[in-house]
Amino acid sequence: MGDVATVERRAPGDALVHLRRARDHADRSYAEPLTLDELAGIACMSKYHFARLFRATYGITPMEHVSQRRIERAQDLLRATNLTVTEVCVAVGFSSLGSFSSRFRALVGESPSDFQRRYADGAPHIPGCYVFMWGLAERERAKSAIAEKHDEGTAS
């Protein structure tokens, strides 16, 4: 009888395609401001149905998934670059340093500063200017000089 309850809580096969599409979009666009409405729209579902099915399928809510992706990327940037914690916070899509720090501590078990300090003696860090120039840290392309120059070149 327990198996029947488990099967009923999972998303039906045809819904999995839509859930994956929304999850993939969240994975690609984690640095942008994402909303439950936007992700549900990509999955072609109401936000309540989407949130229910996403949690039943993946074990976490859609926004917890986005938050985890942001923290994973923040760990990469803190480990390999010389960006400050604040720059990393903004680069991965958090708008508040306080919420970034508390979420980072909850998932990783230490503060972003302590995490970065632990990797300070490793290999040389990538300078922040290269990180942003080569797009290693996500940010809005429309605001970059490179994107503006590219847009001017294609408009001619």
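Modeller: Before we start, helices (H or I, at least four residues) and strands (E, at least two) are DSSP runs, numbered from the N terminus.

Biologist: Thanks! So how do the elements of the protein chain run from the N terminus on?

Modeller: They go α-α-α-α-α-α-α-α-α-α, and the chain has ten helices and zero strands. This is a predicted model, where local features need pLDDT of at least 70, side-chain atom pairs count only at pLDDT 80 or more, and totals for chains, interfaces and linings use all residues. Residues are numbered from 1 along each chain as its sequence is written, and side-chain values use heavy atoms, with hydrogens and water left out.

Biologist: Good to know. What share of the residues counts as buried?

Modeller: Of the 156 residues in the protein chain, 32% do. Buried means under 20% relative accessible area, exposed over 50%, and partly exposed in between (1.4 Å probe, protein chains only).

Biologist: Can we look at His65? Where is its place?

Modeller: His65 sits in helix α5, residues 62-80. Its relative accessible area is 6%, so His65 is buried.

Biologist: And which residues is His65 in contact with, leaving aside its neighbours within four places in sequence?

Modeller: Those are Arg23, Ala26, Asp27, Phe54 and Ile60. Contact here means heavy atoms within 4.5 Å.

Biologist: New topic: how many cavities of 30 Å³ or more come out of the count?

Modeller: One. On a 1 Å grid over the protein atoms alone, a cavity is a set of points where a 1.4 Å probe fits but cannot get out, and lining residues have an atom within 4 Å of a point. Grid points are joined across faces, edges and corners, and a volume is the space filled by probe spheres set on the points.

Biologist: Which residues line the largest cavity?

Modeller: His65 turns up again, along with Ala22, Arg23, Ala26, Leu39, Phe50, Phe54 and Pro62. The elements giving two or more residues to that lining are α2 (13-28), α4 (47-58) and α5. The largest share, three residues, comes from α2.

Biologist: Back to α5, then. Is Arg70 buried or exposed?

Modeller: Arg70, also in helix α5, is buried because its relative accessibility is 11%. Not counting residues up to four places away in sequence, Arg70 touches Tyr30, Glu32, Pro33, Leu34, Val92, Gly93 and Phe94.

Biologist: How far apart are Arg70 and Phe100?

Modeller: They are 30 residues apart in sequence and 9.2 Å apart in space, C-alpha to C-alpha.

Biologist: What about Thr81, where is that one?

Modeller: Thr81 is in the loop between α5 and α6 (85-91). With a relative accessible area of 3%, Thr81 is buried.

Biologist: Which backbone atoms does the Thr81 side chain reach?

Modeller: It reaches the backbone oxygen of Leu77 at 2.5 Å and the backbone nitrogen of Leu83 at 3.4 Å.

Biologist: Last stop, α7. How many residues does that helix have?

Modeller: Helix α7 (residues 97-108) has twelve, and reaches 16 Å from its first C-alpha to its last, close to the 16 Å expected at 1.5 Å a residue. The expected span is 1.5 Å times one less than the number of residues.

Biologist: And what caps its N-terminal end?

Modeller: Ser96 does, with a side-chain oxygen 3.3 Å from the backbone nitrogen of Gly98. After α7 comes Gly109, whose phi is positive, near 95°.

Terms used
A polar contact is a pair of N or O atoms within 3.5 Å; within protein, one must be able to donate a hydrogen and the other to accept it, and residues adjacent in sequence count only if both atoms are side-chain atoms. On a 1 Å grid over the protein atoms alone, a cavity is a set of points where a 1.4 Å probe fits but cannot get out, and a pocket is an open set with protein on both sides within 12 Å along at least five of seven lines; lining residues have an atom within 4 Å of a point.
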